[in-house]
Amino acid sequence: MEIKSVKIQSNGWLLNGIMSVPNASGNRERELIVEWLKTNTPEPEFTTDELLQQIEDAKPKVVTPLQARLALSQLGLRQQVEDSMLTASQDIKDFYEFALEWRRDNTQLVAMATSLGMDSIAIDNFFLLASTL
């Protein structure tokens, strides 16, 4: 078997991107990898891009309107948001009043949050808080 890549895993290695090989003696592939490691360097378990993607995937993307309103209350923003609804566009008003879910990528939500001075990190933190309520 030709070894093209070896990636570190918690219990052994990922061989050629397809075969998980445990670090257990008596395994033919393990012996090949041990020999290969004498002259080669394995890839880390996760690349920087993979770690960043895991972080992105872990961020809450959807909350209920109840969760969102409870989070707004906890952050002291609820009254400010409701006051802003008096002069908001009809689309924003409809979103705030009738949406069945609040999605992180919703343009009305991002516009509303931006008008409150929230940046992308603050919006992520808002969704993280709301998802716990």
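**Figure 1. Aromatic pairs in the predicted model.** The structure, a predicted model, holds four aromatic pairs. One of them joins F95 and W102: the ring centres are 5.2 Å apart and the planes stand at 40 degrees, so this pair is tilted. F95 and W102 are both buried. Another pair, formed by F126 and F127, is edge-to-face, with 5.7 Å from centre to centre and 80 degrees between the planes. F126 and F127 are buried as well.

Figure 2. Five residues, F95, Y96, W102, F126 and F127, form one aromatic cluster.

**Figure 3. The crossing of helices α5 and α6.** Helix α5 covers residues 90–98 and helix α6 covers residues 107–115. Their axes come within 10 Å and cross at roughly 100 degrees. Angles of 65 to 115 degrees count as roughly perpendicular, and α5 and α6 are therefore roughly perpendicular to each other. On the α5 side, the contact is made by D91, I92, F95 and Y96. On the α6 side, Q108, L109, A111 and M112 take part. By residue class, the contact of α5 with α6 divides into six nonpolar, one polar and one charged. Two of the α5 residues in this contact, F95 and Y96, also belong to the aromatic cluster.

Figure 4. A99 lies in the loop between α5 and β5, the latter covering residues 102–103. Its relative accessible area is 19%, and A99 is therefore buried, the limit being under 20%. Leaving aside neighbours within four places in sequence, A99 is in contact with P65 and D94. L77 is 22 residues from A99 in sequence, and the C-alpha atoms of A99 and L77 are 19 Å apart in space.

**Figure 5. S131 in helix α7.** S131 is placed in helix α7, which covers residues 120–131. At 32% relative accessibility, S131 counts as partly exposed. Apart from neighbours within four places in sequence, S131 is in contact with P60, V63 and Q67. S131 and L75 are separated by 56 residues in sequence and by 14 Å in space, C-alpha to C-alpha. Helix α7 is numbered so that its range of residues 120–131 takes in F126 and F127, and these two residues form the edge-to-face pair.

**Figure 6. L15 in strand β2.** L15 is found in strand β2. With a relative accessibility of 1%, L15 counts as buried. Neighbours within four places in sequence left aside, the contacts of L15 are M1, I3, S5, V6, V21, E29 and I33. M1 is 14 residues from L15 in sequence, and the two residues are 10 Å apart in space, C-alpha to C-alpha.

**Figure 7. K4 and N16.** K4 is in the segment before β1, a strand that covers residues 6–9. The relative accessible area of K4 is 66%, and K4 is exposed. N16 is in the loop between β2 (12–15) and β3 (19–22). At 23% relative accessibility, N16 counts as partly exposed. The phi angle of N16 is near 55 degrees, a positive value in a residue other than glycine. K4 and N16 are 12 residues apart in sequence, and their C-alpha atoms are 5.4 Å apart in space.

Terms used:
Residues numbered from 1 in each chain as written. Predicted model: local features only at pLDDT ≥ 70, side-chain atom pairs only at ≥ 80, totals over all residues. Heavy atoms only, no water. Axes fitted to C-alpha atoms, helices over the stretch in contact; angles between N-to-C directions. Helix = DSSP H or I, 4+ residues; strand = E, 2+ residues; numbered from the N terminus. Parallel < 35°, antiparallel > 145°, perpendicular 65-115°, else oblique. Contact = heavy atoms within 4.5 Å. Nonpolar A, V, L, I, M, F, W, Y, C, P; charged D, E, K, R; others polar. Phe/Tyr/Trp six-rings, centres within 6.5 Å; stacked < 30°, edge-to-face > 60°. Buried < 20%, exposed > 50% of the residue type's maximum accessible area, 1.4 Å probe, protein only.
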